[in-house]
Amino acid sequence: MSPAAKREYLEGIRPRYQRAGKKEKGLILDEFCKVCGYDRKYAIRLIKRTTKLKRKRAGLRKVYGREVALVVKEIWLATEQMCSKRLKAALPIWLPYYEHERGVLPRLTREKVLHLSAPTIDRLLHPVRAKLTGKGLCGTKPGTLLRNQIPIRTEHWGITQPGYLEADTVAHCGSSMAGNFIWSLTFTDILSGWTENRAIWNKGAEGVLRQVQELEETLAFPILGFDCDNGSEFLNYLVSRNVNPGDRLPALAEIGDDMGVSVGKLREQLAVARGMGVVSARPRLGIQRESFNFAEAVLPAILFSLATGEASFHHYSRLRQAIEISFWDEAVVLLTPEDKAQLGQLVTEAWAKLRGEPIHIPNGEHRQLHLTIFSRLDNPFVQGLLIAYWDAYDASELTRFMRYRYWVEVWNYHERIVEALCANDFECGRRLLLEHFSLLPTEPA
């Protein structure tokens with residue numbers, strides 16, 4: 001149940017609770033806790049709460065007024081809207097020119113401008129940025145999650161000699177990215193700022209490679225490092241250095257020196273690796289290699305496609321059914337007597353929930369039964385896709401409002417499947433598995 005639905009349900013039962021007697025209030029609380037999954041004490045506090053408490057805004061009083069914001073805004077626009085961390089470093093350089101054009105600032109205002117922090121600059125510029133929404137077209141699409149987590153570096157990453165280049169492309173496409181057009185390929189030396197530009201028709205690999213080779217022949221100094229977008233150096237480091245699950249990695253600066261890559265780029269690649277579940281990063285523990293889990297890598301994409309409607313749960317359900325049928329024969333022969341006993345216990349627990357007072361839906365037993373059948377497969381991709389399926393199954397809430405009879409039919413099939421497995425009648429179990437797939441709805445109720 002979504003938070004909004006829980007709030008709506010709470011507002012619906014609150015008048016009924018206030019009018020009820022002691023015994024009826026207990027029944028209403030039982031219902032509220034069961035539906036929303038709340039602890040009883042917490043539920044009582046929620047249902048008795050009538051008004052929201054207004055908290056006094058925390059923090060210090062506003063220090064920087066309109067006059068400071070105006071100075072920052074004009075310098076920011078003059079510097080072509082650079083980011084706050086670079087703008088902080090540029091303010092002492094640009095301020096004398098601003099005063100030459102606009103007049104000398106009051107001493108207090110000038111001191112405030114020079115003492116601004118990067119987050120304060122962001123807050124002062126927020127109203128201006130909200131109005132200036134027009135941007136040029138972009139040929140690459142960096143994720144906002146990565147962009148917000150990657151600190152901007154204003155120094156040279158410890159580089160002390162020319163030869164380490166940053167490369168990027170600019171589209172000369174007018175108002176549309178459609179069709180064929182010229183791209184600028186720009187190379188900048190990190191230490192000296194030496195810049196070379198080349199033109200390519202479209203952004204094909206052959207044209208880019210030809211220009212890089214030409215640059216290498218004509219450049220005044222040898223190329224020692226070449227840094228461009230979408231690298232995979234961090235993942236290559238994990239493979240080439242035989243970093244095993246549980247091993248702690250050195251600092252990013254050390255990895256960057258080893259691989260010849262900037263720390264800023266490694267931070268971006270680290271965020272990607274964390275999203276894949278390959279590594280974890282915790283305060284005081286550093287970066288640690290984690291065991292490969294295909295479910296963690298694929299689940300965000302599955303949930304996103306379901307949420308946006310670009311794919312339906314029906315498509316993924318068909319894939320899961322094909323996987324279970326295809327690997328059935330291989331998986332069931334690997335089951336141990338302990339596994340079969342666990343399957344029988346899951347069936348018993350499920351029936352206890354369905355026949356109990358009050359009735360509970362055995363969602364956890366449903367998931368665990370199917371995963372246990374395929375748990376002995378030595379195939380992390382099959383395991384990952386099945387685990388991700390059950391996570392998506394829970395998120396889709398397809399069976400949330402199904403009738404009681406549906407669950408009885410499902411667990412009748414599960415009981416017969418487990419009986420067939422315990423009797424080593426694997427073909428009968430496979431036939432029952434196929435039949436029970438037809439019970440699953442493919443669209444939300």
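Reply: A salt bridge here is a side-chain nitrogen of Lys or Arg within 4 Å of a carboxyl oxygen of Asp or Glu. By that rule the count comes to 15 salt bridges. Keep in mind that this is a predicted model.

First, the setting. The protein chain has 445 residues, and buried residues make up 35% of them. Its secondary structure comes to 20 helices and 6 strands. Take the contacts between residues at least 6 apart in sequence: 60% of these join residues at least 24 apart.

Now helix 14, which covers residues 313-326. Helix 14 has 14 residues and spans 20 Å from first C-alpha to last, close to the 20 Å expected at 1.5 Å a residue. Its buried residues are F313, Y316, S317, R320, I323, E324 and I325. Two of the residues on that list, R320 and E324, form a salt bridge with each other. Their closest N and O atoms are 3.3 Å apart. What separates the two along the helix? E324 and R320 are 4 residues apart in helix 14, so about one helical turn lies between them.

Buried means under 20% relative accessible area. E324 has a relative accessibility of 1%, so E324 counts as buried. R320 has a relative accessible area of 4%, so R320 is buried too. What does this side of the helix pack against? The buried residues of helix 14 pack against helix 13 (294-308), helix 15 (328-332), helix 17 (363-373), helix 18 (380-396) and helix 20 (426-437).

Helix 20 holds a pair of its own. E435 and R431 both lie in helix 20, 4 residues apart, about one turn of the helix. Their side chains meet in a salt bridge at 3.2 Å, N to O. E435 is partly exposed, with a relative accessible area of 30%. R431 is partly exposed as well, at 41%.

Elsewhere, D122 forms a salt bridge with R129. The closest N and O atoms of D122 and R129 are 2.8 Å apart. D122 is partly exposed, with a relative accessible area of 31%. R129 is partly exposed at 28%. There is also a network of salt bridges, which links E196, R198 and E214.

Two packed helices are described by the angle between their axes and the distance between the axes. Helix 1 (residues 3-19) packs with helix 3 (residues 40-48) at an angle of about 85°, and their axes are 9 Å apart. Angles of 65 to 115 degrees count as roughly perpendicular, so helix 1 and helix 3 are roughly perpendicular to each other. Which residues meet there? L10, I13, R14 and Y17 in helix 1 meet L46, I47 and K48 in helix 3. The residues of this contact divide into 5 nonpolar, no polar and 2 charged.

E11 also lies in helix 1. E11 is partly exposed, with a relative accessible area of 47%. From E11 to L46 the C-alpha to C-alpha distance is 10.0 Å, while the two are 35 residues apart in sequence.

Key
Residues are numbered from 1 along each chain as its sequence is written. This is a predicted model: local features need pLDDT of at least 70, side-chain atom pairs count only at pLDDT 80 or more; totals for chains, interfaces and linings use all residues. Side-chain values use heavy atoms; hydrogens and water are left out. The expected span of a helix is 1.5 Å times one less than its number of residues. Buried means under 20% relative accessible area, exposed over 50%, partly exposed in between (1.4 Å probe, protein chains only). Contact means heavy atoms within 4.5 Å. Axes are lines fitted to C-alpha atoms, for helices over the stretch in contact, and angles run from 0 to 180 degrees between N-to-C directions. Angles under 35 degrees count as roughly parallel, over 145 as roughly antiparallel, 65 to 115 as roughly perpendicular and the rest as oblique. Ala, Val, Leu, Ile, Met, Phe, Trp, Tyr, Cys and Pro count as nonpolar, Asp, Glu, Lys and Arg as charged, and the others, Gly among them, as polar.
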